[in-house]
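Dear colleague,

I am handing over the structure below, and after it I set out what was found. Please read the notes alongside the coordinates.

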Amino acid sequence: MRKKDHLISKFSSIAMMLFGTFLLAFAYFHINFQNHLSEGGFVGLSLLGKYVLGVNPALSTLLLDIPVILIAMFLKGRKFVMNTLLATLSFSIFYELFERYSTLVIDLHDNLLLAALLSGLVTGFATGLVLRFGGATGGDDILSLLISRWSGLKVGTVFILLDAAVLLLSLFYMPLKETLFTILAVGIAGQTITLTVSFRKGKTVDPVVPEPAAATPKKATKPVHAVRSAH
């Protein structure tokens, strides 16, 4: 019976991560790409590397991801890395399918505020699902988790700071208007990730974020806010 419950729990986690990467690919293609919102994280750094140094983004993204994944293997274990590889691969497949076959067009060029709002909510919820059920969607997600653990900042706050820094650098090759709306989307996504990861954490299958520690003084019990949550 325990083995059956374990298998159900495992398949449920995988299904939720796949659903998260499906939503993430949908949002990045139909909202970000179609409305010319730029990118943060390692993708944004890779595009900057192409603009400044002429380095192929596919190569630079790989060079950025590999060291972080290797570090994560030692610090967070093989299961986390395997979940991350599953999420990364499934995101790439879903995005490729949308790019090749989707006929849906979400044209929000005249309302980039709405585009930023939708992008932040959907990508934040999708990324939060993947993190909540034991994986990450790439090396930049892993880096955010590690920095969060070391610094005590919420994961979402770290996502916002890293992506905003990359997007500010992206002003070298991206229009100001789209970049600023992307920073807004990143901020919304960060808060959404935090809510998604932390909401009723006790009910999750394999939570990424540990519960806040508690200290018990002589007369009262007060929570010690020392741990993160989530972009």
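Contact here means heavy atoms within 4.5 Å. This is a predicted model, in which local features need pLDDT of at least 70 and side-chain atom pairs count only at pLDDT 80 or more, while totals for chains, interfaces and linings use all residues. Residues are numbered from 1 along each chain as its sequence is written, and side-chain values use heavy atoms, with hydrogens and water left out.

The chain holds eight helices and two strands, where helices (H or I, at least four residues) and strands (E, at least two) are DSSP runs numbered from the N terminus. Read from the N terminus, the elements run α-α-α-α-α-α-α-α-β-β. Of the 231 residues, 41% count as buried, that is, under 20% relative accessible area with a 1.4 Å probe and protein chains only, whereas exposed is over 50% and partly exposed lies in between.

Thr179 lies in helix α8 (residues 176–198), and its relative accessibility of 0% is why Thr179 counts as buried. Apart from neighbours within four places in sequence, Thr179 is in contact with Ser38, Leu167, Leu171 and Met174.

Within α2, the buried residues include Gly41, Phe42, Gly44, Ser46, Leu48 and Gly49, and the helix is followed by Gly54, which has a positive phi near 75°.

How do α2 and α7 pack, in angle and in distance between their axes? Helix α2 (residues 41–53) and helix α7 (residues 155–169) pack at about 20°, with their axes 9 Å apart, the axes being lines fitted to C-alpha atoms over the stretch in contact and the angles running from 0 to 180 degrees between N-to-C directions. The two helices are therefore roughly parallel to each other (angles under 35 degrees count as roughly parallel, over 145 as roughly antiparallel, 65 to 115 as roughly perpendicular and the rest as oblique). In this pair, Gly41, Gly44, Leu45 and Leu48 of α2 meet Asp163, Val166 and Leu169 of α7.

Helix α5 (residues 112–132), with 21 residues, reaches 29 Å from its first C-alpha to its last, close to the 30 Å expected at 1.5 Å a residue. Just after α5, Gly134 takes a positive phi of about 100°.

Notes. The expected span of a helix is 1.5 Å times one less than its number of residues.
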